[in-house]
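Trainee: I'd like to learn how to read the way helices pack. Can we go through an example together?
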Amino acid sequence: GGCEAAARGKAARTEEKSEEGVRLAESRKGWKQWKQKREELGAEYADRLRALPTEGRRGVEDAMALKTASHKHKVMHVTLQYLMALGIVVHCDTEGAPCAFPAV
């Protein structure tokens, strides 16, 4: 009857809230991990920067100085610039041929 349907509805809503809480906790955990990685960038890259040529070092330092609210974006940008300075990651055109970044 009606009472059983109401109980099932309440149970479904409780389960949805529980799943939402789990997703929120996982999201918060990920945010804290990226925040910690961002805070450790200076120490992590200190020795690595000294080994880079001036131009590559400048790109990584510029990435480290980037003003952004996103911890993840900053960490990923610094990592990308470092890999580019090493020549591991190369900018390519739409055909896949290596090329310089367009001037901004």
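Mentor: Two packed helices are described by the angle between their axes and the distance between the axes. Keep in mind that this is a predicted model. Here, the axes of helix 2 and helix 4 cross at roughly 5° and come within 12 Å.

Trainee: What does that angle say about how helix 2 and helix 4 are oriented to each other?

Mentor: Angles under 35 degrees count as roughly parallel, so helix 2 and helix 4 are roughly parallel to each other.

Trainee: Which residues meet there?

Mentor: From helix 2 you have Leu41, Tyr45 and Arg48, and they meet Lys74, Val75, Val78, Thr79 and Tyr82 of helix 4. Sorted by type, this contact has five nonpolar residues, one polar and two charged.

Trainee: And which residues make up the largest nonpolar core?

Mentor: There are nine of them: Leu41, Tyr45, Leu49, Leu52, Val60, Ala63, Val75, Val78 and Tyr82. Take alanine 63: leaving out residues up to four places away in sequence, it touches Lys74, His77, Val78 and Gln81.

Trainee: Is histidine 71 buried or exposed?

Mentor: Buried means under 20% relative accessible area. Histidine 71 has 14%, so it's buried. It belongs to helix 4 (residues 71-86).

Trainee: Where is the confidence lowest and highest?

Mentor: Helix 1 (residues 2-39) is lowest, with a mean pLDDT of 82, and helix 4 is highest, at 95.

Key
Residues numbered from 1 in each chain as written. Predicted model: local features only at pLDDT ≥ 70, side-chain atom pairs only at ≥ 80, totals over all residues. Heavy atoms only, no water. Helix = DSSP H or I, 4+ residues; strand = E, 2+ residues; numbered from the N terminus. Buried < 20%, exposed > 50% of the residue type's maximum accessible area, 1.4 Å probe, protein only. Core = buried A, V, L, I, M, F, W, Y, C linked by side-chain atoms within 4.5 Å. Contact = heavy atoms within 4.5 Å. pLDDT = per-residue confidence, 0-100. Axes fitted to C-alpha atoms, helices over the stretch in contact; angles between N-to-C directions. Parallel < 35°, antiparallel > 145°, perpendicular 65-115°, else oblique. Nonpolar A, V, L, I, M, F, W, Y, C, P; charged D, E, K, R; others polar.
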